[in-house]
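Here is a short report on charged side chains and how they pair. Look at the structure first, then read on.

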Amino acid sequence: MLKIKVCGMTDPGNIQQIAALMPDFMGFIFYSHSKRYVGNSPPESLWNDIPPGIIKTGVFVNTQPSEIIDTMKRYKLDMAQLHGNEPVSECERLKNNNVALSKAFGIDNNFDFSVLRDYSDVCDYFLFDTGTTAHGGSGKKFDWRKIYEYKNEKQFFLSGGIGPEDISIIKNMRHEYLFAVDINSRFEISPGLKDIDKVKEFIEELRR
C-alpha cells in the first residue's frame, strides 16, 4: 500500500486536524522563499500533538548540513528532505550524522535518471517533483509516464501537482519502487492551510 505525505503545513490547528487523519509523513518547509515557510523560529509546540507514528519531515533548499542537523535536533524531526541542488557530499555528511534523508529531483521530459546513481548510497528515498525554479509547491505535474524510465532500486515519492482527481490514476500505477505520494498545494484552502475534507477523502480512498 502506498504511503502518504502531506506537505507544506504551517497552521497549528490545521496540523492537528491533518495529524488526526494519520498520514504516514507530514512535511514542514524550512525555506524562506516558500509560501509555506514555517518561519525563522517556529514554536516547538507546532509539533507537540503529532502522533509518533507520523514521520515529521523537514524540507530544506540548499541549506548547510550543520544547520539542517541543528534544526532536526531542535524540533525532533524524523527525516530531512533536500529540495535544492545539494551535492552528494552534503547528503553523505548528513547520512554520517544519522539523518534519515529524502532527496528531491525536478523532473522534465529530458531528465536523465542516471544522475541519481551517485546518490543511492547516501539517501533513504528519492522524491520526483515537477522541475521548476520554485523548488516545489508549483501545483504543476510532470509527465508521470517518465517514472517508468527509472530503474534504480531506491524507493521514491511521487510529487508535483497531485490533486484529488488523480486518485484513480495513482491507484493504478504499477512501478515496483513507487513508495509514497506527496500532496500539497492542490489540497489547500490557502498556502499552508489544507482542506481537511479533501485530504481525508484522498487518504481513505488511497488506503481502500
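## Salt bridges in the predicted model

Lysine 103 and glutamate 86 join their side chains in a salt bridge, at 3.2 Å from N to O. A salt bridge here is a side-chain nitrogen of Lys or Arg within 4 Å of a carboxyl oxygen of Asp or Glu. This pair links distant parts of the chain, 17 residues apart: lysine 103 sits in strand β5 (residues 101-107), and glutamate 86 in the loop between β4 (79-82) and α3 (88-96). Helices (H or I, at least four residues) and strands (E, at least two) are DSSP runs, numbered from the N terminus. Both lysine 103 and glutamate 86 are buried. Buried means under 20% relative accessible area, exposed over 50%, and partly exposed in between (1.4 Å probe, protein chains only).

This is a predicted model, where local features need pLDDT of at least 70, side-chain atom pairs count only at pLDDT 80 or more, and totals for chains, interfaces and linings use all residues. Residues are numbered from 1 along each chain as its sequence is written, and side-chain values use heavy atoms, with hydrogens and water left out.

By the salt-bridge rule, the count is 15. Among them are these:

| Pair | N to O distance |
|---|---|
| Lysine 103 and glutamate 86 | 3.2 Å |
| Glutamate 165 and arginine 186 | 2.4 Å |
| Glutamate 188 and lysine 194 | 2.9 Å |

Both glutamate 188 and lysine 194 are buried. Glutamate 165 is partly exposed, at 45% relative accessible area. Arginine 186 is also partly exposed, at 29%. Salt bridges link Lys141, Glu165, Asp166 and Arg186 in a network.
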